[in-house]
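Subject: Structure handover

Hello,

Here is the structure I promised you. Please open it alongside this email, and my notes follow below.

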Amino acid sequence: MIKVLILFIVLIAGIIIGPIVAGHQGYVLIQTNNYDIETSVTGLIICFIILQFIFCFVGWCYRRIRGTTSFTHNWLKGRKYHKAHSQTQKALLKLAEGDFSQVEKLLTRHADYAEQPVVNYLLAAEAAQQRGDEYRTNQYLERAAEVAGNHQLPVDITRVRIQLAEDKIYAARHGVDKLLDQAPRHPEVLRMAEQAYQRSGAYQALIELLPIMQKEKLYSAEEIDKLRKNAYKGLINQYTAEGGSENLKDWWRSQGRKIRHDPVLQSIVAARLIECDDSEAAEKIITDGLKQQYDEHLLLLVPRLQVSDSKAMNKILHNLIKQSGGATPLLNSTLGQLALQHAEWQEAEKYFKSALAQRPDAHDFAWLADALDKQHKAEEAAQIRQHGLLFSLKHVN
């Protein structure tokens, strides 16, 4: 615009001043090796002005052509964006149908023009994994990483999720450890960490992660407690497998009061010690636990012990009867089994009859029959076995 304005000013000046200097136009001579160009000053100015108009016209034409090309390019680009959006929508419908081959195909066409190219490539990677095409899965993950730039978290999460689905547990665990450094409170990262740690046997790492999971309200309190107990059970099994009862006892002694007073964990540790033929250590854990509270997990282990002092154990069990306001079927059955082990047949008969009066049980029927046999009550023992058999058949049906 400025150039055009200047040209108009020059032109108007020429029109006004031209007639004045008509008789004094001056003389201009331009010489080259082969040509001599002669003209007046006015003619030179007019030529200059015409040349400027030519330059402006050429520039205008160039801008028009360039604008047309840009419009065409934008139109084609917009068409691709529209097509990518349409294909992404179709892919999501195919994903709901479970047609992973079509999902992969639709998502990767014009993926670079999609609203979120990273999402397209990541979904395509998961679709390829569902088809079992590992090469394509890795290819899409690499492309997603390129497109994502500095925002690699969704790519890394998808990669670990795929590794878990492909049962590449140790690779997934390595990936989870890195993700926890980047996003220690991310819900999906925590869920994947739970899976990776459980499946790789990293129970201590899972236990350390549980307070964060609880704080983030990833699961209910009951589910967190269940996860904690399962993790400790796995850890107890590991210590037992690595070093037997001595290794387990050392680990158990190193635990805090809260852990050592948990009846479920007490029963798991005691059961492993019994399996390691360390009945003395198991008995101490069980008696300590039963002195604190009534717990069926611990009671079920009492008959498996080689009880060194039956009177002390009987005292603990009778104290439980007082605390709970009466003998439960399990308490009566446990007392009966202890009496059987120490050849106290009449006591065993009394306890088993009390347990069966509270609720029928196939094992108690069998143990009562044994106690009666020892007292030479063959006829009554046969009747009890018959009752036990009928109960078992009815229970099976």
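**Helix pairs**

Helix 4 and helix 5 cross in a left-handed way. (Left-handed means that the near helix is turned anticlockwise from the far one by less than a right angle; clockwise would be right-handed.) Helices here are DSSP runs of H or I with at least four residues, strands are E runs of at least two, and both are numbered from the N terminus.

A word on the source: this is a predicted model, where local features need pLDDT of at least 70, side-chain atom pairs count only at pLDDT 80 or more, and totals for chains, interfaces and linings use all residues. Residues are numbered from 1 along each chain as its sequence is written, and side-chain values use heavy atoms, leaving out hydrogens and water.

Back to the pair. Helix 4 covers residues 117-131 and helix 5 covers residues 134-148. They pack at about 165 degrees, with axes 8 Å apart. (Axes are lines fitted to C-alpha atoms, for helices over the stretch in contact; angles run from 0 to 180 degrees between N-to-C directions.) The two helices are therefore roughly antiparallel. (That label needs an angle over 145 degrees; under 35 is roughly parallel, 65 to 115 roughly perpendicular, and the rest oblique.) Among the residues in contact are Tyr121 and Leu122 of helix 4, and Tyr140 and Leu141 of helix 5. (Contact means heavy atoms within 4.5 Å.)

Next, helix 6 (residues 153-165) and helix 7 (residues 169-182). Their axes come within 9 Å and cross at roughly 155 degrees. Helix 6 and helix 7 are therefore roughly antiparallel too. Their crossing is left-handed.

Helix 6 also packs against helix 8 (residues 187-200), at about 30 degrees and with axes 11 Å apart. That makes the pair roughly parallel. This crossing is left-handed as well.

**A kinked helix**

Now look at helix 10, residues 221-254. Why do its ends deserve a check? (The expected span is 1.5 Å times one less than the number of residues.) Helix 10 has a kink of about 130 degrees, centred on Gly243. (The bend is the angle between axes fitted to the seven residues ending there and the seven starting there.)

Best wishes
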